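Take a look at the model below.

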Amino acid sequence: MDAETSRLVLVAAISATAALVAGLGGATLTAMIHRKNTKDTLAAAREDDERRWHRQVDREHRLWLRDTKQQAYAKFVSAATAAASHAYSLDPSYARNALVTFDEVRLVGPSEVRSAGKKVIDQILEIGRLISAKHSMDPEPDANAHVLQQLAEEISATIDELGRLIREFVSLARKDTGAEPEASEA
């Protein structure tokens, strides 16, 4: 082999080696970039899934809380309405039943709902007090006719006020649970 052929073979071998090294280097660099991109994509997908999961959990909790509040408020209103209906009978056991029913009640919610509920309970207990006062009076109708008439009017007015307080409580409870009536219902 002459010198020129040897040089050409050497240049070809160096070029082939350089091309092989460059190809392997490029492939390695490309693989590293793809690996980094894949890791970033997987991390972003994981974060997105986690955010979606937290939003779903938060939504489910809000729905559960709303449903629980609605049930509790409905039970409270049902008991208050039953107490109001029972009050019209002027039964002396009303006071005792009202105390038993509402003695253990502890409303949880926004302050305006708790305040409205406390007003309802106080009104129910006031009706019980008035009914008890009426039944503790002298049974002689002529002796207390005027006082009994005033007491009966006060009981009636207190029962009417209880109805208004229950409606106010329902309105505030609806607002709290997001079940506000439409403008056409109001």
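**Helices and their salt bridges**

Arg52 and Asp49 sit three residues apart in helix H1, about one turn of the helix. Their side chains meet in a salt bridge, 2.9 Å from N to O. A salt bridge here is a side-chain nitrogen of Lys or Arg within 4 Å of a carboxyl oxygen of Asp or Glu.

This is a predicted model: local features need pLDDT of at least 70, side-chain atom pairs count only at pLDDT 80 or more, and totals for chains, interfaces and linings use all residues. Residues are numbered from 1 along each chain as its sequence is written, and side-chain values use heavy atoms, with hydrogens and water left out.

Now the overall fold. The protein chain has four helices and zero strands. Its pattern along the sequence is α-α-α-α. Helices (H or I, at least four residues) and strands (E, at least two) are DSSP runs, numbered from the N terminus. Of the 186 residues in the protein chain, 19% count as buried. Buried means under 20% relative accessible area, exposed means over 50%, and partly exposed lies in between (1.4 Å probe, protein chains only).

What share of the contacts with a separation of 6 or more joins residues 24 or more positions apart? In the protein chain, that share is 74%. A contact means heavy atoms within 4.5 Å. The accessible surface of the protein chain comes to about 13,000 Å². Carbon and sulfur atoms hold 58% of that surface. The areas come from the Shrake-Rupley method with a 1.4 Å probe; for residues, only the protein chains shown count as cover.

Back to the charges. How many salt bridges does a search of the whole structure find? The search finds 11. One of them links Lys36 and Asp40, with the closest N and O atoms 2.8 Å apart. Both residues lie in helix H1 (residues 3-87), four residues apart, about one turn of the helix. Asp40 is partly exposed, at 40% relative accessible area.

Return to the pair in the opening. Arg52 is partly exposed at 43% relative accessibility. Asp49 is also partly exposed, at 45%.

Helix H3 (residues 111-135) holds another pair. Arg129 and Glu126 are three residues apart there, so about one helical turn separates them. Their salt bridge brings the closest N and O atoms to 2.5 Å. Arg129 is partly exposed, with a relative accessible area of 46%. Glu126 counts as partly exposed at 25%. Elsewhere, salt bridges that share partners join Asp48, Asp49, Arg51 and Arg52 into one network.
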